[in-house]
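These are my notebook entries on what I looked up in the structure shown below. I kept each entry brief and arranged the entries by topic.

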Amino acid sequence: MGFKRIYTKISNITKATCTLKAEGARFGELAKVNGMPAQVISVMGEDVTLQVFSGTEGISSHSDVIFTGSPPILKVSDLLAGRFLNGYGEPIDGGPELRGETRAIKGNAVNPVKRSKPSTLLATGIAGIDLNNTLVTGQKIPFFADPDQPYNQVLAEVAMRAEADKIILGGMGLSNDDYLFFKNTFSKAGVLNKIVCFINTSENPPLERLLIPDMACTAAEYFANDQKQKVLVLLTDMTLYADALAIVANKMDQIPSKDSMPGSLYSDLASIYEKSVQFAHGGSITIIAVTTLNEGDITHAIPDNTGYITEGQLFLKQDADIGKVIIDPFRSLSRLKQNVIGKKTREDHPQVMNALVRLYADAMDAKTKKENGFDLNEYDKRCLAFAKDYSRKLLAVDVNIPIDQMLDTGWQLLQTYFKKFEVGIKENIMDHYWDDEKTVNA
Amino acid sequence: MNTGKVTGVISNLIFIEAHGAVTQNEICLIHSENKQLMAEVIRVTGTQVSAQLFETSMTIKMGSLVDFTGRMLEVELGPGILSKKYDGLQNDLTKMSGLFIEIGQTTPPLDSDVYYNFTPLIQPGETVHAGDWLGSVKENWIDHKIMVPFVLKGAYTVVSVVKKGDYLINDVMAVLTSEKDEKIEVTMVQKWPVKRAINAFQQKIRPHKILQTGLRVIDTLNPMAEGGTGYIPGPFGTGKTVLQQAIAKNSKADVLIVVACGERANEVVEIFTEFPKLTDPDTGRTLDDKTTIICNTSNMPVAAREASVYVGMTLAEYYRAMGLKVLILADSTSRWAQALREMSNRMEELPGPDAFPVELPATIANFYSRAGITQLNNGAWGSVTFIGTVSPAGGNFKEPVTESTSKVARCFYALSQKRADAKRYPAIDPIASYSKYLDYPEFVENTDTSLQKGWVALVKKCKDLIRNGLEARDQISILGDDAVPVEYHVVFWKSEMIDFALIQQDSFDDVDMNNSLERQRYMFNKLMDIGDMEFTFTEFEEVATFFKQLINILKQMNYAPFDSAQFKKHKKELDKALLHNGEKMVTQL
Ligand SMILES: Nc1ncnc2c1ncn2[C@@H]1O[C@H](COP(=O)(O)OP(=O)(O)O)[C@@H](O)[C@H]1O
Ligand SMILES: [Mg+2]
C-alpha cells in the first residue's frame, strides 16, 4: 500500500470502540487512533467501527485515525530468536527493530491431509506426564490449575526439560514477578538464544492480550515450517485471554452464552490451539498452555471449551497426604499418548499405567470409606498404603527419571502391594514382567 | 446472472445490496482479489441481503461485485466419492496445492479423467423414474449404480443406453425422454441440494435388524439397528471420538461416511493414516475403500460446519439409493449447532435457550429424520444409519443440543465422567443408556431368529442384574461392608463382572476391539449363566476375591482370539474356578 489513509472526524466513541466514515477499510485491518493501535471490527457501508486495544480514554472526535492497510502483522526472520516483544510484535527489550518478511498473524489453516500423525515422544522426566499422560510433538495441551498452584514454575520446568529447537512464550496478563521468573529461568539455563517471548503483563491493557497467541503462533509457524524446527509454544494464562474476549463481546453488546463468555469462544480458542501441528518435513508446533480454574471448576466455559479443543489436560493438585503438588491421574489425560505408549516406549507401558491408575481409584474409594467412618478391610488398607507410595514416587511433579525407570517403579509398587490376580494385566505381559520371587502378597 | 455489491462486513457475515430477485439459501460468489468467495444467503429484506461467508472476510472490500448463482448448496454425485477426503463444501482436499488452505481455493469433487467400467442394467424402451438404476460401475469394490437423476419428476422412457465398456464420468450413459418428449442425457454425475432429502424410494420402514458394531455394550446391551439413529453425548475426554472411531472400524456397513465437524484436525489425521492400513473385517478390503471423510475441523471456516453434516448426509442417501447399507458418523453435532448460534447472534436474532437459535430442535429433528431403512423402486433395500456425538457444555446433559437430540435419536449412548475417570472404557453408562429398538416387536422377532430365542428378554434381565448390583453397592457404602448380608456383595460383584467382562472393552487391543455377534452371544450366555448361579460365602471378603479371579479369567478370554487354544485354556480355568472355588463355597449349577 503506497499511501496511508488519514481521517480526523470520529462520529461515535464508546468505551472500547470508535466509529467514523472512511473508505476502503476492510474487516480485521489494523489502524492507529491517536497513535494507539486499533482494529476494524465492522464495516457497514462507509461507517467503520474500530476497537481500540488500550481503551478509548483520551480519544476525541478530532483524533487522527490512520489505516495501515493490513491486518496485524509480524516480521519473521531468524532475528526473532532471543527477543522480547509486545502484543503488536514490537520490541520491549530495548533491542533493534525487527526485520524480515511481513506476515499477517492468524494465518491460514494447514490442509488436514498435509498433516502428519504426531507420534514423536516428548519426554519431560515427570512421571505424572511421561508415564500417565505421555506427550508427543505436535500436541496441544493445557495445565489446569487453581491460581495458587505453581503452574508457571511447572510450565517452565517442562519447557527446560523437553527437547525443542525453539521455545516461544506467550504471556497474557502475566504478573511482573512471573515475567521476570521466566526471563531468569531462560537466562540461567543459557537458552536465551532459542526463545522468543511475546509479553502482555497485568500492567498492559487487557485487550492487547488478544494478539499474543496469534503472534506467538505466527512466530512458531515460521520456525516450524520455514526452518523445519521443533517448536514449543507456551501460553499462559489462557483464562485471562478468554476474559479479554468477554470484555470485547460485552462492549459490543453481543448476547453472551454460558458464564458471560461470547458464543464464539470455542472457535476463538480452537483457531489458536489448532496451530499445533506435526509437519511431514519434521518441523512441529507443540502448544503447552495454562488455564487457571476457579476452585477447580472445570465445567466453567473456559476450561470446558478448552478441554473440548485440546488433546488432553494436565491437572495440578495439592496432595495433602504427601505434601506435594501432583499431576492428578484421574482428571488428567493425554489423548495422543496411544500414539507412542507401548510402541515408542516399552511394551508394558499401557498396561502398567492403567493398572496403577485403576488401583489408585480403589484407594480413593477406600479413603472415602474411611472418611465416612467405616472399617477398612485388608484390601482397602493395602490400597491406601499403595496410594501414598505411588503418589510420592510417581505422581509428584518433582520426579525426574527416565520412562523405563518409571515402569520399573510401577511394577515394584504392584508387586509390593497386590496379588497377581488383582492387577488385571494381560497374561503375556504378566509372564514377562511379574517376578514371582519378588511378590510380597503371594 | 443476477448480481449485487458488498455493503458491509462483520466477521463472516456479509451485507449485500442486490440488483434483482434473490432466493433464501441461494449461493453467491463474492469477488475479492481475483478470487470468488462462496457465501450462502441467509436473510433477504427487500434488496438487502445477508450472506454467511464460507471463508475469512479479511480480503473483502466494500463495493465488491457479487454474483448470485441461482442454486442452493449442492453436492456432485457420481463414482469416485469413496476414499475421498472432502472439506465441508465437498472440495477434494487431496487435490489442493500447498501446505495451507488458501482463501477461495476450490477443487473438483470427482475425477473427470478416470475411466469406470460401465455395465448397463436396463434396456431401451423401459420406463424409469428418478433413482432407478440404469447401469453399474465398479467403484473400488462396490457396485456403484448410475441412476436416473433424482431431480427428474414423473416417468421417462429409456431411448438408449451405452453398451458395456470404459467411460468417463461426464460421458453420456443413457438418453431418456419425458412424457412431454423432452430429451434428457444422463451422465454418471448428477447434482443435488444438500439440505433436501433424496426421496427416490417406495417406502421407509421401522428399523428391525441389528447393525453389528463389534462393541459388546452396544450390540449386546444397547443395539443399533440398520437404518437407525443414535447419539453419544459426554463431557470432553470421556471417549466420544474413540467410541465413534471404534464403531467406524468394526461395523458391518457397506459404505462409511465420517463427518469431522468442528473438532480436532489430528483426529482426522488419525483416520487418514489408519484407514488405508486397516482391513474391513467384513470384506477383507481396506477400510479406506468404503469410506468418505468430510472434514471441517475447528480451525476451518465455521460457516461450513453446517454444510459439512448436510454434505455427509446427502452422500449417505445417495449410496442408500444404490441398495447399500450406509453408516454415517458425525463428530460433533454440537459444533454445528454452535456455528448456527454464532451466526444467529451476529444477525441479532432473538435467541432461544443458551443463546441457540429458536429453530434448533426442528433443525436437529429434520436432520435425524433423513436416516432410515428404505425399500427402493425395484424392491431392493438400502439404509442410512446415523450416529452423532454431542458435546454438552460443562458436561451437563440439560442443554439444548442434547435435549433436542434426545427427542429424535433412538439410541442413547451416555458417556459418564465417573467411568472415564476410573478408566472403565468405553465409558457408556449402563443404566442411563438405552436402545429403543429393544422395544420394537419387529426387532425382538428378528433377534429371536438371527441370534437366539428370547434374546431381548435376556438383555433386559442383564440390565436388571446391573441395576440390582448398583443398588447393592449403594447399600454397602451406606451401611458398611459387614453390616449388610453377604448376599448383597454377591449381587454387587455379579454386576461388576458384567461391567468388566461385557461392558468394558479395550479399543486399542487388536483382538478385544471387535467382537462378532457369534462371540458376543457365546460370552453373554456364559455371563448370564454365572449371573444365575447361587453362591454361598461365609464372609464378604471371599466374595470380592472370588469374583476378581473370575473377572481376571474372563478378561484373559476377551483378549484371546475366539475359540483359539488360548481361549479354550482360559475357558477351562473359568469352569474350574466356578466348580471348585475352595471348600467354603458351594456352587449350584
Ligand atoms: N475405549 C477406550 N479405551 C481406552 N482408552 C480410551 C477409550 N475411550 C477413550 N479413551 C481415552 O480417553 C481419551 C479421550 O477420548 P476421546 O474419544 O477423544 O474423548 P471425547 O471425544 O469424548 O472428548 C482417549 O484419547 C483415550 O486415551
Ligand atoms: Mg472427541
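**Entry 1**

I found a backbone N or O atom of Gly237(B) at 2.7 Å from an oxygen atom of ligand 1. For Gly239(B), I noted a polar backbone atom 3.0 Å from an oxygen atom of the ligand. For Tyr425(B), an N or O atom in the side chain lies 3.3 Å from an oxygen atom of ligand 1. I then recorded that ligand 1 taken alone exposes 550 Å², and that the protein buries 93% of this area. Accessible areas come from the Shrake-Rupley method with a 1.4 Å probe; for residues, only the protein chains shown count as cover.

**Entry 2: the shell around ligand 1**

Which residues are closest to ligand 1? I listed Arg335(A), Gly237(B), Lys240(B), Thr241(B) and Val242(B), out of 15 residues that surround the ligand. A residue is near a molecule or strand if one of its heavy atoms lies within 4 Å of it. Because residues from chains A and B surround ligand 1, I recorded the site as shared between chains. Helix H2 (residues 240-250) of chain B gives the most to this shell, with three residues. Helices (H or I, at least four residues) and strands (E, at least two) are DSSP runs, numbered from the N terminus. I sorted the shell into six nonpolar, six polar and three charged residues. Here Ala, Val, Leu, Ile, Met, Phe, Trp, Tyr, Cys and Pro count as nonpolar, Asp, Glu, Lys and Arg as charged, and the others, Gly among them, as polar.

**Entry 3: the interface of chains A and B**

How many residues of chain B are in contact with chain A? I noted 83 residues of chain B in contact with 71 residues of chain A, where contact means heavy atoms within 4.5 Å. The size of an interface is often given as the accessible area lost when the parts come together. I recorded a buried area of about 6,300 Å² between chain B and chain A, with carbon and sulfur atoms giving 55% of it. Buried area is the accessible area (1.4 Å probe) that two parts lose on being put together, summed over both. In chain B, the residues that lose the most area to chain A are Met58(B), Phe236(B) and Arg264(B), together 13% of what that side buries.

**Entry 4: backbone details**

I found a cis peptide bond between Thr236(A) and Asp237(A), with omega about 5°. Asp237(A) sits in the loop between strand E16 (230-236) and helix H5 (238-251) of chain A. Ser332(B) belongs to the loop between strand E22 (325-331) and helix H5 (333-346) of chain B. I also noted Asp259(A), a residue other than glycine with a positive phi, near 55°. Asp259(A) lies in the loop between H5 and helix H6 (265-273) of chain A.

**Entry 5: annotated domains**

I consulted UniProt, whose positions are given in the numbering used here, with feature names shortened; annotations may be inferred rather than shown by experiment. An unreviewed entry places "domain: ATPsynthase alpha/beta subunit barrel-sandwich" at residues 108-195 of chain B. I recorded this span as 0% helix and 48% strand, with its end C-alpha atoms 20 Å apart. For chain A, UniProt (unreviewed entry) assigns "domain: ATP synthase A/B type C-terminal" to residues 342-433. That span is 68% helix and 0% strand, and its end C-alpha atoms lie 14 Å apart.

**Entry 6: conventions**

Residues are numbered from 1 along each chain as its sequence is written, and chains are lettered from A and ligands numbered from 1 in the order in which they are written. In this predicted model local features need pLDDT of at least 70, side-chain atom pairs count only at pLDDT 80 or more, and totals for chains, interfaces and linings use all residues, while side-chain values use heavy atoms, with hydrogens and water left out.

Methods: Polar contact = N/O pair within 3.5 Å; in protein donor to acceptor, adjacent residues only side chain to side chain.
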